[in-house]
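Hi everyone, thanks for coming. Let me put the sequence and the model up on the screen, and then I'll walk you through a few spots.

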Amino acid sequence: MTEQPLSLQQQQMLALGAVFECAVMADQIATRGDADPAVLASLFESVLVMDATDFDTIYPRPGRFQDGLRLLRKSLNREQNRDAARPLSYGLALLHLSSKLRKNDDVVNILRNRLLALEGQRAHFEDLTQPGFCHRLAGIYVDTLGTFRFRIRVQGDPAKLQDEDNAARIRALFLAGVRAAFLWHQMGGRRWRLLFQRKAHLDILNSIKINELN
């Protein structure tokens, strides 16, 4: 944790950073077939924390989202980076998917009930990054967010994408990304502000002492 409590605006930016962290991890799995298991565990953990009202309970280790925060900074700075184009598109797609979910109470209720059932079975999974748990999250994603006409098109190594475990981890990450986007919106985050208040968002992002976060 930082020495000073994080402000609401800083927590908002960290939640957005978590969205982009999911995007970065998905891109790494799609292109390389692997991603940091500690980061994956933090992201998957957040999906099961549905009723918390404080940021620290949902993301107790935001310092693990440094790749996502770097991607967010590049986006706000409008830096042209070929390697960042794919994860950036995934991150923006997750924000859009989250907005569609917020407008569909039926899917929200199904999603909540499925996650509650999975949370009740959590004791059966020693490691949240193990294939069994990832496939459960992926199944929930397919049965809820996957019913929307909007699709996130993933690019990468065909051999990596055809691997069922990799596909499950990517879908699980997208579910975690939507969860982070939900929190970002609950804390006042809006896409139009990212477009028209870039400097203000950059100032907030730069005020976060990343090296002092857990």
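**Salt bridges, helices and a surface patch**

Let's start with arginine 70 and aspartate 67, whose side chains meet in a salt bridge at 2.4 Å, N to O. By salt bridge I mean a side-chain nitrogen of Lys or Arg within 4 Å of a carboxyl oxygen of Asp or Glu. Before going further, a word on the source: this is a predicted model, where local features need pLDDT of at least 70 and side-chain atom pairs count only at pLDDT 80 or more, while totals for chains, interfaces and linings use all residues. Residues are numbered from 1 along each chain as its sequence is written, and side-chain values use heavy atoms, with hydrogens and water left out.

Back to our pair. Arginine 70 and aspartate 67 sit 3 residues apart in helix α4, so about one helical turn separates them. Helices here are DSSP runs (H or I, at least four residues), numbered from the N terminus. As a reminder, an α-helix has 3.6 residues a turn, so residues three or four places apart point the same way. Arginine 70 is partly exposed, at 43% relative accessible area, and aspartate 67 is partly exposed too, at 29%. The cut-offs are under 20% relative accessible area for buried, over 50% for exposed, and partly exposed in between (1.4 Å probe, protein chains only).

How many salt bridges does a search of the whole structure find? The search gives 8. Another one joins the side chains of aspartate 27 and arginine 86, at 2.7 Å, N to O. That pair links distant parts of the chain, with aspartate 27 in helix α1 and arginine 86 in helix α5, 59 residues apart. Is aspartate 27 buried or exposed? Aspartate 27 counts as buried because its relative accessibility is 8%, whereas arginine 86, at 24%, counts as partly exposed. There is also a salt bridge between the side chains of aspartate 157 and lysine 160, at 3.4 Å, N to O. Aspartate 157 is partly exposed at 27% relative accessibility, and lysine 160 is partly exposed with a relative accessible area of 27%.

Now for helix α1 itself, residues 8-32. Its 25 residues, at 1.5 Å a residue, should span 36 Å, and the end C-alpha atoms are 35 Å apart, which agrees. The expected span is 1.5 Å times one less than the number of residues. Of those 25 residues, 21 are buried, so α1 is largely enclosed by the rest of the structure. Glycine 33 follows α1, and its phi is positive, near 90°.

Positive phi turns up in a residue other than glycine as well: arginine 78 has phi near 55°. Arginine 78 lies in the loop between α4 (66-76) and α5 (82-102), and is exposed, at 52% relative accessible area.

Next, serine 42, in helix α2 (residues 37-47). What does its side chain make a polar contact with? The partner is the side chain of arginine 64, at 2.7 Å. Serine 42 counts as buried, at 11% relative accessibility.

Last stop, the surface. Trp192, Leu195 and Phe196 form a nonpolar patch there, with about 400 Å² of accessible area together. Leucine 195 belongs to helix α10 (residues 191-196), and counts as exposed at 57% relative accessibility.

That's my tour, so over to you for questions.

Methods:
Patches are made of residues with over 30% relative accessible area and no salt bridge: like charges are joined within 9 Å, nonpolar side chains (Val, Leu, Ile, Met, Phe, Trp, Tyr) within 5 Å. Accessible areas come from the Shrake-Rupley method with a 1.4 Å probe; for residues, only the protein chains shown count as cover. Helices (H or I, at least four residues) and strands (E, at least two) are DSSP runs, numbered from the N terminus. A polar contact is a pair of N or O atoms within 3.5 Å; within protein, one must be able to donate a hydrogen and the other to accept it, and residues adjacent in sequence count only if both atoms are side-chain atoms.
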